[in-house]
Amino acid sequence: MNKNINVLEVINSLKPTGGAETFAINLCLAMNKKVNLKVAILFNEHTKAFIDTLEQNNIEYFFLGKKKGIDFKCAKRLKDIIIKHNIHFIHTENNALITTYLATRKNNLRKKVVILHTIHTLPGLEGGKISNYLMKHIFRKKIAIPVNIIDDDNVKKYYKLQYVPVIENGVDISKFANTNELKNRKTDLVMFARFEEQKNHALAIKIFETVIKKVKNFKAVLYGSGSLKPEIEKTIAEKGLSESIILAGQVDNRKIPEILSNAKISFLCSVWEMKSISIIEALSSGCIMLASDCLGNKTIINDGVNGFLISNEFPEKYSDKIIDIITCPNKYQQISYNAVESSKKYSIDQTAEEYLKLFVENAK
């Protein structure tokens, strides 16, 4: 550990447990091995599993009690933490940048502190009009540095920047190490996704309905919460699919490795994705990944090699592939091996090293 480097991770909220929140905690654990780390959580809402993880690893954290919208009192509390702990570097994500900007805009704090902000979503979708306006100002004035998680030009074009560094998401691969062969896995299919339009659960239900008609005792287990969950639950009940499509709710992140190790297929038919943590975790566990062929997924999955990319325009191709995998798992064992091997480049320790390197480079 380099005790001369003080880093502050600023997290908007630790609820719900989406990919960005999971990544933030993973990055905290990896950073904590290398530097003096503190964590500031703007909104007090949280998931117990995440807080337990921070406490078990002796990571000091602060709840700042943020209110919705621009909250200058919260920014003041954050500023006090930055000064008290002599913070050199700040990493933010998921709407945390605006409060961080407000906390560092006076007393020349931003001249002493390097701020990196990871963009987990499509540029322009992180907040409302005011947030987007401020983020454009922050990036163009080089008050903070945007970090893209996939190698494309969307962020550069949207913010009119000449250069945007790319650091891919990572996971703690050691937690997902698994050699369980597909034929021995008891769960047919799992889906980890928030019940929001982006994740396209309505299409998933149609696909599973086709499979259920052709495969006896097929079961799909869907994990997550979100605004569309009641609607999806109603659809499943009306179609008489409740015994085959199980809504398991929000899962403790510590249980995900065990769940994935017993699943043949991990499924995600999102309208769009950036660098999906759930896909990386599935690959690490040797699941056969079926995912929509959108931009972010294409950067992780090599179609037919470590998983499968399928167009949402052809749902029958999803159902055909699901049926083939669960009825002939031995045929896909090599894909499972390839998935595990391909996931090794997404080590969270390597991700943390790249962030630290970027901090130091921009401190000069």
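## Close-up views of a predicted model

View 1. Ile51 has its place in helix H2, which spans residues 48-56, in a model that is predicted. With a relative accessibility of 6%, Ile51 counts as buried, the cut-off for that term being under 20%. When residues up to four places away in sequence are not counted, Ile51 touches Leu14, Ile41, His46, Tyr61 and Phe63. Ile25, from which Ile51 is separated by 26 residues in sequence, lies 9.2 Å from Ile51 in space, C-alpha to C-alpha.

**View 2. The open sheet of six strands.** The strands of this open sheet follow the order E9-E8-E7-E10-E11-E12, and their pairing is parallel. Strand E9 (245-249) and strand E12 (308-310) stand at the edges, and because each has a single partner strand, one side of each is left without a neighbour in the sheet. From one strand to the next, the twist averages 25 degrees. Strands of a sheet pair through backbone hydrogen bonds, in either a parallel or an antiparallel manner.

**View 3. Strand E7 and its two partners.** Strand E7 (residues 187-192) has five of its six residues buried, so E7 is largely enclosed by the rest of the structure. Four bridges join E7 to strand E8 (residues 220-223), the two running parallel, and within this pairing Leu189 stands opposite Ala220 of E8. E7 also pairs in the parallel sense with strand E10 (residues 263-268), over three bridges, where Val190 stands opposite Ser266 of E10. The right-handed β-α-β unit shown here is made by E7, helix H8 (residues 201-214) and E8.

**View 4. Strands E10 and E11, with helix H11 across them.** Four bridges link E10 to strand E11 (residues 288-292) in the parallel sense, and the bridge partner of Ile265 in E11 is Ile288. Helix H11 lies across E7, E10 and E11, and runs at about 155 degrees to E11. After H11 comes Gly286, whose phi is positive, near 80 degrees.

**View 5. The largest nonpolar core and the contacts of Ile322.** This core holds 92 residues, of which Met31, Phe208, Phe218, Phe267 and Ile322 touch the most other members. Helix H1 (residues 19-32) gives the most to this core, with eight residues. The contacts of Ile322, not counting residues up to four places away in sequence, are with Leu189, Ile207, Phe208, Val211, Phe218, Ile265, Phe267 and Leu290. Apart from this core lies another, of 33 residues, which includes Leu97, Phe139, Ile143 and Val164. In soluble globular proteins, nonpolar side chains tend to be buried together.

**View 6. Helix H4 and its buried residues.** Helix H4 (residues 96-104) is mostly covered, nine of its nine residues being buried. The buried residues are Ala96, Leu97, Ile98, Thr99, Thr100, Tyr101, Leu102, Ala103 and Thr104.

Key
Residues numbered from 1 in each chain as written. Predicted model: local features only at pLDDT ≥ 70, side-chain atom pairs only at ≥ 80, totals over all residues. Heavy atoms only, no water. Buried < 20%, exposed > 50% of the residue type's maximum accessible area, 1.4 Å probe, protein only. Pairing = 2+ DSSP bridges. Right-handed = clockwise from strand over helix to strand, strands pointing away. Core = buried A, V, L, I, M, F, W, Y, C linked by side-chain atoms within 4.5 Å. Contact = heavy atoms within 4.5 Å. Axes fitted to C-alpha atoms, helices over the stretch in contact; angles between N-to-C directions.
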